[in-house]
Every structure is written in C-alpha cells, then in structure tokens.
Protein chains: 2
Amino acid sequence: MRLIDKLINQIDNKYLPPQGTDLVVAVSGGVDSVALVHLLLRLANQYDWDLTVAHFDHQLRKTSQRDAEFVQKLAKNLGLDYVSAARKARYDFLQQVARRRRALIVTGHTADDQLETVVMNWLRGGGVRALAGMRDLDNNIWRPLLSITKTQIKEFVRQYQLTYREDETNQQTKFKRNLIRHKVMPTLRLVNPSLEQVLLRNAKVMASLADFVGQETARLYKKMAKSQKDAIWLDLKKLNQLPEFLRNEVILFTIRQLQGHQQDIKKIHLDEVQKIINSAEGKVWKQLPGKLFVSNRYGKIGFSRYRPKFLNR
Amino acid sequence: MRLIDKLINQIDNKYLPPQGTDLVVAVSGGVDSVALVHLLLRLANQYDWDLTVAHFDHQLRKTSQRDAEFVQKLAKNLGLDYVSAARKARYDFLQQVARRRRALIVTGHTADDQLETVVMNWLRGGGVRALAGMRDLDNNIWRPLLSITKTQIKEFVRQYQLTYREDETNQQTKFKRNLIRHKVMPTLRLVNPSLEQVLLRNAKVMASLADFVGQETARLYKKMAKSQKDAIWLDLKKLNQLPEFLRNEVILFTIRQLQGHQQDIKKIHLDEVQKIINSAEGKVWKQLPGKLFVSNRYGKIGFSRYRPKFLNR
C-alpha cells in the first residue's frame, strides 16, 4: 500500500468529522502541520469539509515573519482560506476563529508529541486524565495524526517533496519538551526499547479509565449535589464516604459546574477544601482561585461564586 | 524530636499490626533491613509482636555466605529467632515460613525502592495497579519503611552505629533496577527536581484508584457471573457494555476466582479472550496459561479449568 493511503487509513480508523464540517487547521509551517494540511486536503474532497489554514505567529524567533509568509503562501497555493494572529495565546486565537464558524480545530500533534506529553504529565504528577495524554477528539479539537509517528510524517513529506520550515527551537534542549525529547526519552529507552508502544498503550488504558472515572464522578455528583443560583451544596456524609481521589474529582466537577472551568485549582486548594470538610460546621471558610468560596454548613459543603450571599445565609 | 522517634512516628502513622502478631522479617543484612529490625524491635516490645529474622541466601555473590552469617549473628545478638533458605524463590520461602506461623512478612522496602518500582512498572507498561507501586500492607506483607527515605535510614544507622553489609551489586548498573537508580532517576530529576514527591503522590492516587476499580470490578462481576463447579460463565451482553479496561479487569477477576491467581495472564491473552467474545457462538475456544479454557456459548463467555467438562456441555 502506498504510504499516503496507509496514513489516510490510520486517520480513517479513528474519529472522522461528519460531512460538511468546517475545519480550522493550526499550521506552524513545520513538517507535521504541512503533512497535516496535505492529508486533510485529500480527505476534505471526499468528505466535503471546509478547510481554513490558521497560523499563530508567536514572534519569539527572528524567522517567525518568514514562517507566517510561508504558511500564507502554502494556503494560497492550495486554494485555502488563511487566518493569522500574533502575540496571542495560541488556543485562544484558534478557539475564537473556530467559535465564529462553529468549526473543529485541527492540530498536527503526532504519536511522538503524545509520548512526550504523557512523559511530561507523568513527571509533573498529573492524575489519570493527564496520564491519558491528548485525545483524538477533545471537545472541538481534532488530532488526526495522533497515532502517526514523526518518522512516517517525514517519509511522507519526503516522498511528496513537500516543503516545510525547520523549527529552530527544536534543536535546543532549552525548553522542557526538548529536554524530554533529547535527554529523557533516550535514557528511558535504555530500560525498555519498546517504550513507545508501552507508553502509548498505557495512555489508552488511562484514557479509558479517565472516561470511567468521569462518568462515575458525574453520577456521584448528581446523588449528592443541590444547586442554587450562585452556589452548589454537596452532602457531607456522602462526600466523606468516597475515597480521597474520587472526593477530589467530585469537588473539581462541582467547581466546573459552578464556573465552567477548573483553571488554577491545584492540589493545594483541594487540600484546603479537605480541611474545610474536616472542620467544625460553620467555623471556617476559604477563598479559592477564581473568587470561589467554600464553607461547611448544615451537614453540607458549599461552593459559591459570591462571598456575601454565601456567608450571610 | 530524635530521629528514631520521628521514624517510629512515620511507621506508626500508617498500618500497624495488632497486638501479638507474628512477624517474619526479611533481612538481607543491608542497611535497610538492619534498620528495619532495630525499629521493629522497639515497636515489638510495645505491641507484643513476635519477631523472626528470615534470611534468603540467593547465592549469587561470593560474599553471600558471609551475609548469611552476619544476619544470623544479628538475630542472635538481638535474641531473635532465625530462619534461612538458599536457592529458592525469595517470596516462596517467606510465604512458607509465614504460613506455618500465620505470620505477617515484613520487608525493608523504602520510599526510594517505591520510587524505583513505580518508575520501573511505568516503563514496563503496567496498569493502574502497577502504577500504585507497593502497598504498606498487601495481603500478608507489611512494608513499614515505605514512606521513609534511604537518607533517613542511613542517618539512623549512623547515629546508632549499627553495622550492616554493603550490597555489592548495588554499585553496578548491570541490572535494570540499578539502571533506573543511577541513570533514569537523575535524568528525570532534570525535568522535575521534586520528582520524589510528585511520583509518590501519584502512586497514592493510583492506589486509591486501583482500590476503586477493584471494588467496581467485584460489583460488576457479581452482576454478570454464574459459577458452576469448575467453570464460571459471564453474561456476554453485560460484559460488552463495559469499557475495554473494565472488561479486562472483570475477566482477570473471574480467572482469580477460578484458580486463585492470575499468574502468566498477559495482555496478549486478554486480547485472545476478546477474540472469543467477538467470535460467533460456540465456534471458537482457546486455552490460556494455567490450563484455563475459554469459550462463547449461550450468550455467555465461559471460563473453565478442565477441558472435557467444559467442551462437552
């Protein structure tokens, strides 16, 4: 089988967006994203997807201007729409573009990126969700190359003589990701030469486990939560029956219900909530990041976005 | 606080065996197990435990005879019983001694060992149970030093001027464990200097998660299993509703129910069982390690220890 068909098959075997979907493709101009655009273009004809090339110019390197020009030209040559942004958080920009068009964002993350992400998350002490790594489809982000290796990408790009821009930061061990790529991975491979397979398989198990924990958390939350306008109350007795990690999951779920995200909530904050749980009723309250208040009242743990309402009950 | 009291506290804070328990202490003569014996002896008086020093002579090193003599003398000096074995699997020997006395086995595994175990299991692609590392109490094995670091142990041994035997294999990177100790850990520490805390915390989360999965598995098993004399049948429809990892957990649970252990059952065998699950009814059966037979009949998946009974139904 030709390499391109093999790669298309590998993409095809997993998630594919429905006919007529708008795709906003994140293109840096590097080898992965150039390959991504060409592979998607082939699929797009078949599935009637609408592709937009989106370039984020982080302006960190002298050559970033030339990267932008390269990507713009690439889009033009392929007859694709082009959008770009500078000095803005990359995902914020992509989400903005995607929201406007109700599109999927597509990124060129490969199996190699997945490996590094899993290793990095593990060394950061991430939980099950983090150990699951990136997902093929995660909300409105699609990663079709996630099971395709860098080697395959490079071979594909070589075969089709596609031009791309070298990512210059890549060669330095200046950043953590490069430290992992050039130092950690080779060392780990000394212990287990089939490291790739093992870690990617593990990520899949963790993904499955994370989904299961997610479902259980939602189920448990429903059993113990009472929500008011700006507050949610969890039954203390039911919460205390859970093992610590599930208790934390339910707490994070509650926080997400209340404010739509759990940004800035770290282990230390969960420990603070635990202290409130253990404290005598009504004696203690705490403020968490994101103007979130926690207190222990009437056999319930209350989470609230507004202090006055919450404390004057 | 004196170091010894600090260490005793650290042990005390977790699992402690009930009064009058018999303890079979695995002593190699190395620094960890020498410290272990001294710490246990102090606790033994208070809790009325009966200590036996057990030495396993692996006869791999020239000096192993002298190790054995050292440990025997240590036991004698402390007025403790001594048992030893040579050329036998270490845990088999300990279990044999422990079974005879209905005793707990005690090992000198430290926080450093735990770290290495977790890293090794991760690089081997172990599941949640493996990522949880060793437990403080695991069936009849107790590991009181599991949250105590090697540095603390060495300081304790120095302060009390306890003598011990150097483990000579330790300095070589010949074995995987040493490769991890001397190569992998220092590299990982480049990425995250507080690696120890992070990985040990992670192991705790995984332990909690593994317990939860274990409980869920037992609950699900009960809902779908019918057991006969030498066979257990699982309801295929219910089994298929589970995510893959839970299906595998239920299958492993079933195998443990049937033969008391899941030794030699690897991922590849679980994949074979999955093939049987996917196959047309009655057409296929497979033999798994441990003379275990699997087949697909009457909307159920059957596991049996004896082929004839199973296939002649």
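Me: In this predicted model, where is Asp32(A) found?
Reply: The model is predicted. A UniProt annotation, "binding site", from an unreviewed entry, covers Asp32(A) along with residues including Ser28(A) and Ser33(A). As for its place in the fold, Asp32(A) sits in helix H2 of chain A.

Me: Is Asp32(A) buried or exposed?
Reply: Buried means under 20% relative accessible area. Asp32(A) has 11% relative accessibility, so Asp32(A) counts as buried.

Me: Which residues is Asp32(A) in contact with, leaving aside neighbours within four places in sequence?
Reply: Contact here means heavy atoms within 4.5 Å. With those neighbours set aside, the partners of Asp32(A) are Gly108(A), Thr110(A), Asp113(A), Leu145(A), Lys150(A) and Ile153(A).

Me: Where is Ser28(A) found, and what does its 43% relative accessibility count as?
Reply: Ser28(A) belongs to the loop between strand E1 (22–26) and helix H2 (31–47) of chain A.

Me: Which backbone nitrogen lies 3.0 Å from a polar atom of the Ser28(A) side chain?
Reply: Take the contacts beyond four places in sequence to begin with: Ser28(A) touches Ser33(A), His55(A), Asp67(A) and Val71(A). The 3.0 Å distance, in turn, runs from a polar atom of the Ser28(A) side chain to the backbone nitrogen of Gly30(A).

Me: How far apart are the C-alpha centres of domain 1 and domain 2 of chain A?
Reply: The domain assignment gives domain 1 (3–191) and domain 2 (228–311) in chain A. Their C-alpha centres lie apart by 37 Å.

Me: Which residues of chain A lose the most area to chain B?
Reply: In the contact between the chains, 35 residues of chain A meet 35 residues of chain B. About 3300 Å² is buried between them, 77% of it on carbon and sulfur atoms. On the chain A side, 23% of the buried area comes from the residues that lose the most, Trp122(A), Leu123(A) and Val191(A).

Me: How many salt bridges and how many residue pairs in polar contact are there between chain A and chain B?
Reply: A salt bridge needs a Lys or Arg side-chain nitrogen within 4 Å of an Asp or Glu carboxyl oxygen. Between chain A and chain B the count is 0 salt bridges. For residue pairs in polar contact, with both at pLDDT 80 or more, the count is 2.

Me: Which element gives the most to the side of chain A that touches chain B?
Reply: Elements giving two or more residues to that side are helix H5 (111–123), helix H6 (128–131), helix H8 (176–191), helix H9 (195–224) and helix H11 (244–259) of chain A. With 12 residues, the one that gives the most is H9(A).

Me: What is phi of Lys291(A) near, and where is the residue found?
Reply: Lys291(A) is found in the loop between strand E9 (285–288) and strand E10 (292–297) of chain A. Its relative accessible area is 59%, so Lys291(A) is exposed. Phi is positive in this residue other than glycine, near 50 degrees.

Me: Which backbone oxygen lies 2.6 Å from a polar atom of the Ser279(B) side chain?
Reply: Ser279(B) is placed in the loop between helix H12 (267–278) and strand E9 (285–288) of chain B. At 19% relative accessibility, Ser279(B) counts as buried. Beyond four places in sequence, Ser279(B) is in contact with Val284(B) and Asn296(B). The backbone oxygen at 2.6 Å belongs to Ile276(B).

Notes. Residues are numbered from 1 along each chain as its sequence is written. Chains are lettered from A and ligands numbered from 1 in the order in which they are written. This is a predicted model: local features need pLDDT of at least 70, side-chain atom pairs count only at pLDDT 80 or more; totals for chains, interfaces and linings use all residues. Side-chain values use heavy atoms; hydrogens and water are left out. UniProt positions are given in the numbering used here, feature names are shortened, and annotations may be inferred rather than shown by experiment. Helices (H or I, at least four residues) and strands (E, at least two) are DSSP runs, numbered from the N terminus. A polar contact is a pair of N or O atoms within 3.5 Å; within protein, one must be able to donate a hydrogen and the other to accept it, and residues adjacent in sequence count only if both atoms are side-chain atoms. Buried means under 20% relative accessible area, exposed over 50%, partly exposed in between (1.4 Å probe, protein chains only). Domain bounds come from an automatic or database domain assignment. Buried area is the accessible area (1.4 Å probe) that two parts lose on being put together, summed over both.
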